[in-house]
Amino acid sequence: MAATETLRVVETHARAYKRIWRGSVISTFLNPVLYLAAMGVGLGVLVDEGSGRDALVGLDYLTFLAPGLLAASAMSTGAMDGSWPVMAGIRWQRHYEAILSTPVAVRDLVAGHLLWVAVRLLMMSTIFSFVMVLFGATGVIEAGRALLPAIVTGMAFAAPVTAFTARSEDHVGLTNLFRFGIVPMFLFSGTFFPISQLPGWMQPVAQITPLWHGVEMTRAWALGLTPTFEPGLHIGYLVLWTVAGWIAANRLLEKRMIK
Amino acid sequence: MAPAESAQLSGGADDELLVRARGLTKKFGDFTAVDAVDFDIRAGEAFGFLGPNGAGKTSTMRMVGAVSPITAGDLRVFGLDPAADGAKIRARLGVVPQQDNLDEEIPVDENLLIYGRYFGMARAELWPRIEELLAFAELTDRRHDKVSALSGGMKRRLTIARALINEPDLLLLDEPTTGLDPQARHLLWDRLYRLKRQGVTLIITTHFMDEAEQLCDRLVVMDKGKIVAAGSPRSLIERYSTKEVIEIRFPLGIQETVEDQFDGLAKRVEILPDRILLYTDNGDEAIRQVHERGFQPESMMDRRSTLEDVFLRLTGRSLID
């Protein structure tokens, strides 16, 4: 991997993003505002007045939900950026073919793409953390600590989804990935309720998902709690997904583009 | 590669040899797309690969472009091995793919800018170059438009301009005018002709014989992965065809009843589903004899031989099915 070539790929992404950044920032801001208002405040009142408090280890629902939703949003951003734009580059607009006709190699393209997703995750998580503070879910310093696990969560999806996209024929595979992978994880990996509420057999399944580890760490560091396992274990698991996905993305995109 | 061999390749008479292929082969599973072809391409020439779709032209071009590993044989581009020095080779190439792959969401001039950045060129160096290329492609007044707003011919010209951003030593054009209307084609040919006169080395694949005749100094005719003939357009026509061709068309249903009666009228007779071709060096005489034998064709046309006739002679098939 050549560092300068990688940075040129990042530069192109940034140049394209410059044209849409206003809309992107507004929706990145509005998304958590709407979710936290509806579920955190609206639904949260019912949870807090009911028997919810015990399961939520004494937290009010908004506080419980906000960092979980940050991790889940990072997953969503990572998975989105790893899928549709990659398929567009391979197949719909075919600009990957154009890029690979220059000194840029597949590994530079993948590295530049993932580095850009990391930048996007940093932007998205920062805005989200700001909203968390606005809603009084946590303090400024704690919100800042939540950035790292959130970004790593996003990367644990961006890299493997990029690999998955590199070997998907068309949008059908991607639609199924979201339908059967991302959406169920979003709902059942501890974002909206602790996985202790799941039927016994589903709990270990939830613990295998990278999102659960991301939610666990993001929530712990945003709220000053102790995570289920050692922080290094949670983060390490996410890094493992990232690295494995990255290696697979290099191989599969090479196979797809250089034939 | 041994140092001695490398010195030999990059010095002396071989200095002018930009591409050298020996036994070059490309297989996809059991299918052999390119079957042990040999060719040399020298600096300053316009070299063509002529053949129908599926002849192996694009596969050959992709191997030369260092984006497709060779299956067997030997290939040198600028004296370098694409497997080892792909990035170095690509840095000196300009590539115009069969299908446009511009970034549709960004403006015309930024497409050129980002592409130049992939070659590591500085912005200060790029902007004057972009002005030149926009003028060359006649897109100066469309520079701020999104690519998606351009016509097919304009996109094609932009793709060629983009391929020139790094001042390549070798320009690869894969079916450059396929899908364009005649007017856009002629404008594009004019631009390519200018490049040729400036000394840019061109490699062109095409299934249009008129394109090959107009642009190529030298070409190879490909069919089913093999090179079946090589030479200048003129020499190929002289070697494989006659000076003139008489095209004879009959009213519907008549051709089948008379097509075995043309023996001896010409050097060679070719029966196609919709017409009969007489290959002769004396067109007037052949036409006279057709009338003399009492045939009553719907139309008869005397034309000069083209590369299409060469291809028909070599393969028994038309270039465009």
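Biologist: At roughly what angle do the axes of α4(A) and helix α9 of chain A cross?
Modeller: The axis of α4(A) comes within 11 Å of that of α9 (residues 171-188) of chain A. Helices are DSSP runs of H or I of at least four residues and strands are E runs of at least two, numbered from the N terminus. Axes are lines fitted to C-alpha atoms, for helices over the stretch in contact, with angles from 0 to 180 degrees between N-to-C directions. On that scale the crossing angle is roughly 175°.

Biologist: What pLDDT do side-chain atom pairs need in order to count?
Modeller: Residues are numbered from 1 along each chain as its sequence is written, chains are lettered from A, and ligands are numbered from 1 in the order in which they are written. This is a predicted model, in which totals for chains, interfaces and linings use all residues, local features need pLDDT of at least 70, and side-chain atom pairs count only at pLDDT 80 or more.

Biologist: Are α4(A) and α9(A) roughly parallel or antiparallel?
Modeller: Angles under 35 degrees count as roughly parallel, over 145 as roughly antiparallel, 65 to 115 as roughly perpendicular and the rest as oblique. The crossing is at roughly 175°. The two helices are therefore roughly antiparallel.

Biologist: Is B:K57 buried or exposed?
Modeller: B:K57 lies in helix α2 (residues 57-64) of chain B and is in contact with residues including B:F49 and B:M222. A residue is buried if 20 or more other C-beta atoms, placed from the backbone, lie within 10 Å of its own, exposed if 12 or fewer, and partly exposed in between. With 27 such neighbours, B:K57 counts as buried.

Biologist: Which strands stand at the edges of the open sheet in chain B?
Modeller: Four strands make up this sheet in the order β11-β12-β10-β13, with antiparallel pairing. Strands pair if DSSP finds at least two bridges between them. Each edge strand has a single partner, so one side is left without a neighbour in the sheet; these strands are β11 (268-271) and β13 (299-304).

Biologist: Which helix packs on that sheet?
Modeller: Neighbouring strands of the sheet are turned by 20° against each other on average, direction ignored. The helix touches β10 (244-249), β12 and β13 of chain B, and its direction makes about 25° with that of β10(B). The helix is α11 (residues 283-292) of chain B.

Biologist: How many residues does each chain bring to the contact between A and B?
Modeller: α4(B) gives the largest share of the chain B side, four residues. The contact takes from chain B 21 residues, and from chain A 21 residues.

Conventions
Contact = placed C-beta atoms within 7 Å. Lists of a residue's contacts leave out its neighbours within four places in sequence.
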